[in-house]
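Please open the structure in your viewer and keep the selection tool at hand. The tour moves from one selection to the next and says what is found at each stop.

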Amino acid sequence: MSTNNLASERKRINLTQKEAAAKLDVSVRTLGKYEADPLVMPGDFIVRASKFFGCSASYLLGMTPERSVA
């Protein structure tokens, strides 16, 4: 089951794909691919994105509805 938690987090802090891609050090095309299918995100990106957005890796992967781990 794939969700758009990565896109939701980007929109939550009012960033365009272009702005978020620059901050996360990936291309806009790559970010779009990760937003469409979070299961293709490599581990280093997941760590970077979860730190940037302040949420858990599990949330970004759509494994939990909670933004952070208790």
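This is a predicted model: local features need pLDDT of at least 70, side-chain atom pairs count only at pLDDT 80 or more; totals for chains, interfaces and linings use all residues.

Residues are numbered from 1 along each chain as its sequence is written, and side-chain values use heavy atoms, with hydrogens and water left out.

Select helix α2 (residues 17–24) together with helix α3 (residues 28–36), which pack at an angle of about 100° with their axes 9 Å apart. That angle makes α2 roughly perpendicular to α3 (angles of 65 to 115 degrees count as such). Where the two helices are in contact (heavy atoms within 4.5 Å), α2 contributes Gln17, Lys18, Ala20, Ala21 and Leu24, and α3 contributes Val28, Leu31, Gly32 and Glu35.

Next, select Ser50, which has its place in helix α4 (residues 43–53). Is Ser50 buried or exposed? Ser50 counts as buried, because its relative accessibility is 13% and buried means under 20% relative accessible area. A polar atom of the Ser50 side chain lies 3.1 Å from the backbone oxygen of Val47. Leaving aside neighbours within four places in sequence, Ser50 is in contact with Cys55, Ser56, Ala57 and Leu60.

Finally, move to Ser58 in helix α5 (residues 57–60). Ser58 is partly exposed, with a relative accessible area of 28% (partly exposed lies between under 20% for buried and over 50% for exposed). Not counting residues up to four places away in sequence, Ser58 touches Met63 and Thr64.

Note on methods. Axes are lines fitted to C-alpha atoms, for helices over the stretch in contact, and angles run from 0 to 180 degrees between N-to-C directions. Helices (H or I, at least four residues) and strands (E, at least two) are DSSP runs, numbered from the N terminus. Angles under 35 degrees count as roughly parallel, over 145 as roughly antiparallel, 65 to 115 as roughly perpendicular and the rest as oblique. Buried means under 20% relative accessible area, exposed over 50%, partly exposed in between (1.4 Å probe, protein chains only). A polar contact is a pair of N or O atoms within 3.5 Å; within protein, one must be able to donate a hydrogen and the other to accept it, and residues adjacent in sequence count only if both atoms are side-chain atoms.
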